[in-house]
Amino acid sequence: MTQTIFMVGARGAGKTTIGKALAQALGYRFIDTDLFMQQSLQSSVADIVAREGWDGFRLRESMALQTVTAPKTVVATGGGAVLSHENRTFMCNHGLVVYLQASANVLAERLAEDPEDAQRPSLTGKPIVEEMLDVLASREALYQEVAHHVLDATQRPEDVVEQILQILADEKVK
Ligand code: ADP
Ligand code: MG
């Protein structure tokens, strides 16, 4: 099946890292909805949020998600894409949804080490570990609900990619 694969999970879970590697392994296109929005709107996520608020950002994110969805495409979604019921239904119905699961501690460590992520505005203004705990508390059930498969994102990236390839191979056999 030539389908869309949606990577969901919190910031730092590895959606971009794993998504890119997976796309390369499959010969699929890779698209990051955050980057897609930044390029099509010529603004950073921070600028969009400053101008239009999180609600405006989320609306644009939903449009971006639907625009980039195509066969043979791996889509790295924004961490909050699952907050929208419409987005969850859309992803569930238009492809395979993979949740990259990691603890708040792991996510916070990764974000602290990644200077690019400093560009993304804090959701709450709290310290990063607490923020990630809050984020997971409010979103874990949604990630679980939308996901066809939940993977341990603390494994080595190549092992996570291998697991997804195996899932796709198993689906073909069915
Ligand atoms: P996301 O797109 O979900 O926000 P990224 O792919 O940007 O996450 O990864 C965030 C940071 O964590 C990056 O510095 C990346 O190199 C690192 N990272 C991602 N996946 C793993 C992994 N499986 N093991 C170790 N580090 C990882
Ligand atoms: Mg990313």
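Which residue has a polar side-chain atom 2.5 Å from an oxygen atom of ligand 1? That residue is Thr17. This is a predicted model, in which local features need pLDDT of at least 70, side-chain atom pairs count only at pLDDT 80 or more, and totals for chains, interfaces and linings use all residues. Residues are numbered from 1 along each chain as its sequence is written, chains are lettered from A and ligands numbered from 1 in the order in which they are written, and side-chain values use heavy atoms, with hydrogens and water left out.

**Ligand 1 and its shell**

- The shell of ligand 1 holds 13 residues, each with a heavy atom within 4 Å of the ligand.
- The closest are Gly12, Lys15, Thr16, Thr17 and Gln155.
- Helix H1 gives the most to this shell, with three residues. Helices (H or I, at least four residues) and strands (E, at least two) are DSSP runs, numbered from the N terminus.
- By class, the shell has four nonpolar, five polar and four charged residues. Ala, Val, Leu, Ile, Met, Phe, Trp, Tyr, Cys and Pro count as nonpolar; Asp, Glu, Lys and Arg count as charged; the others, Gly among them, count as polar.
- A polar backbone atom of Gln155 lies 2.8 Å from a nitrogen atom of ligand 1.
- An N or O atom in the side chain of Arg110 is 3.4 Å from a nitrogen atom of ligand 1.
- Taken alone, ligand 1 exposes 560 Å², and the protein buries 72% of that. Accessible areas come from the Shrake-Rupley method with a 1.4 Å probe; for residues, only the protein chains shown count as cover.

**UniProt annotations**

- An unreviewed UniProt entry places the feature "binding site" at Gly12, Ala13, Gly14, Lys15, Thr16, Thr17, Arg120 and Gln155. Such annotations may be inferred rather than shown by experiment; positions follow the numbering used here, and feature names are shortened.
- UniProt (unreviewed entry) also lists Thr16 and Asp32 for "binding site". They span 17 residues in sequence, yet no two of their C-alpha atoms are more than 6.9 Å apart, so they gather at one spot.

- Thr16 lies in helix H1. Its relative accessible area is 32%, so Thr16 is partly exposed. Buried means under 20%, exposed over 50%, and partly exposed in between (1.4 Å probe, protein chains only).
- Leaving aside neighbours within four places in sequence, Thr16 is in contact with Phe30, Asp32 and Ala76. Contact means heavy atoms within 4.5 Å.
- Asp32 sits in strand E2 (residues 29-32). Asp32 is buried, because its relative accessible area is 10%.

**The loop between E1 and H1**

- Gly14 lies in this loop. Gly14 is buried, with a relative accessible area of 15%.
- Not counting residues up to four places away in sequence, Gly14 touches Gly19, Leu100 and Arg110.
- Arg11 is found in the loop between strand E1 (4-8) and helix H1 (15-26). Arg11 counts as buried, at 14% relative accessibility.
- The side chain of Arg11 makes a polar contact with the side chain of Glu131 (3.4 Å). A polar contact is a pair of N or O atoms within 3.5 Å; within protein, one must be able to donate a hydrogen and the other to accept it, and residues adjacent in sequence count only if both atoms are side-chain atoms.

**Gln155**

- Gln155 lies in the loop between strand E5 (149-152) and helix H7 (157-173).
- Gln155 is partly exposed, with a relative accessible area of 24%.
- A polar atom of the Gln155 side chain lies 2.8 Å from the backbone oxygen of Asp152.
- Leaving aside neighbours within four places in sequence, Gln155 is in contact with Val160 and Gln163.
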